[in-house]
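Subject: A structure to look through

Dear colleague,

My notes on what was found in it follow below.

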Amino acid sequence: RRPCPAPRGGPHTFGRVTLAEALAAARAALRREPQPDVAARTLLAHVLATTTADLLARRRDPLAAPDHRAFDALVRRVADGEPLAYVVGHQPFLDFSLRVTPAVLIPRIETEGLAEWAIRHAHRRAAAGAPIRRVLDVGTGSGALAIALARACPEAAVTATDISDDALAVAADNARRLACADRIAFLSADLWPPDPGEPFDLVVANLPYVGTDELDDVGRSVLDHEPHGALFSGREGLDLLRRFVPELPSRLSPDGAAALEIGWRQGETVVALAHMAFPDAVVTLRPDVFDRPRLVTIEPAT
């Protein structure tokens, strides 16, 4: 990818442009990004320690030379393929922001759909007089799902597991920043907590589900920068799900529910696994925001 074009006057004359001109040059350099304008504004807001909305009011202001150099350096990193979230160090999720590092997968909008379903389910339970008391998030990564549920269900105790200690450190830091660390227990574990105690009322999981046979479908920036341990699970992407789903019945309370994010080609297989594990439950394959089958939910029959 091409770097950010040099400002007018030559490659070393930083600081002779307005914010609007710097943003225009950055948009051109970031044209291969899904949203070049959003990426450019996010990077400049990060450099100036302000909001993207504030940039609009300051579009005609000059960009100081040190800030222009810093902005240009960040634009070059993103143009060269480094994920925007890693460059600025955070990623929005629902109504909050998560710190992210290369130790964790960058939360996607598809996972917001999982969180939204789980929150709606918890609220329905609360309205029916049976609030969720114990939640388990398996493969927590940045802590997105555990934090979302802790914030939405203040009466619930949340347990979150991950096999990566580096990921758990990021997740715990996010929980501290978002003032819910006292209700989330982060545990190092291969899927299940070593001492789970009582069954859980709600289990959510966004496990690695990309197959090594699907490498051609994975973007280069993802392959080059995001943790492969959080992406891949055998040739078909199903190794962990085949381990996880059969053990779910022993971890859920009798009226408990579960929600799993899956690969869009895996719906039929995972639904079959869920029916085998829960022959009397309601198993539903749900689409993501792009209308691809992405979420499998398991609920008790009414």
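Does Ser142 count as buried or exposed? At 3% relative accessibility, Ser142 counts as buried, where buried means under 20% relative accessible area, exposed means over 50%, and partly exposed lies in between, with a 1.4 Å probe and protein chains only.

Before going further, please keep in mind that this is a predicted model, in which local features need pLDDT of at least 70 and side-chain atom pairs count only at pLDDT 80 or more, while totals for chains, interfaces and linings use all residues. Residues are numbered from 1 along each chain as its sequence is written, and side-chain values use heavy atoms, with hydrogens and water left out.

As an overview, the protein has 11 helices and 9 strands, where helices (H or I, at least four residues) and strands (E, at least two) are DSSP runs numbered from the N terminus. The C-alpha trace spans about 70 × 40 × 35 Å along its principal axes, and buried residues make up 49% of the 302 residues. Of the contacts (heavy atoms within 4.5 Å) with a separation of 6 or more, 66% are accounted for by residues 24 or more positions apart.

To return to Ser142, its place is in the loop between S3 and helix H7 (144–152). Leaving aside residues up to four places away in sequence, Ser142 touches Leu98, Arg99, Val104, Pro107, Ile147, Val170, Ala171 and Asn174. Of the 9 residues of H7, 7 are buried, so this helix is largely enclosed by the rest of the structure; the buried ones are Ala144, Leu145, Ala146, Ile147, Ala148, Leu149 and Ala150.

Next comes the sheet. It is an open sheet of 7 strands in the order S5-S4-S3-S6-S7-S9-S8, with mixed pairing, and two strands pair if DSSP finds at least two bridges between them. Strand S5 (184–188) and S8 stand at the edges with a single partner strand each, so one side of each is left without a neighbour in the sheet. Direction ignored, neighbouring strands are turned by 15° against each other on average. Helix H10 (residues 239–251) packs on this sheet and touches S3, S6, strand S7 (252–261) and S9, its direction making about 150° with that of S7; axes here are lines fitted to C-alpha atoms, for helices over the stretch in contact, and angles run from 0 to 180 degrees between N-to-C directions.

Strand S3 (residues 134–138) runs parallel to strand S6 (residues 200–205), and 4 bridges join them. Within this pair, Leu136 stands opposite Val203 in S6, and the bridge partner of Asp137 in S6 is Val204. S6 also pairs with S7 in the parallel sense over 5 bridges, with Ala257 in S7 as the bridge partner of Leu202. S6 is mostly covered, as 6 of its 6 residues are buried.

Lastly, there is the second largest pocket, which is lined by 13 residues, with Gly113, Leu114, Pro287, Asp288 and Leu295 nearest its centre. On a 1 Å grid over the protein atoms alone, a pocket is an open set of points where a 1.4 Å probe fits, with protein on both sides within 12 Å along at least five of seven lines, and lining residues have an atom within 4 Å of a point. H6 gives the most to this lining, with 6 residues.

With best wishes
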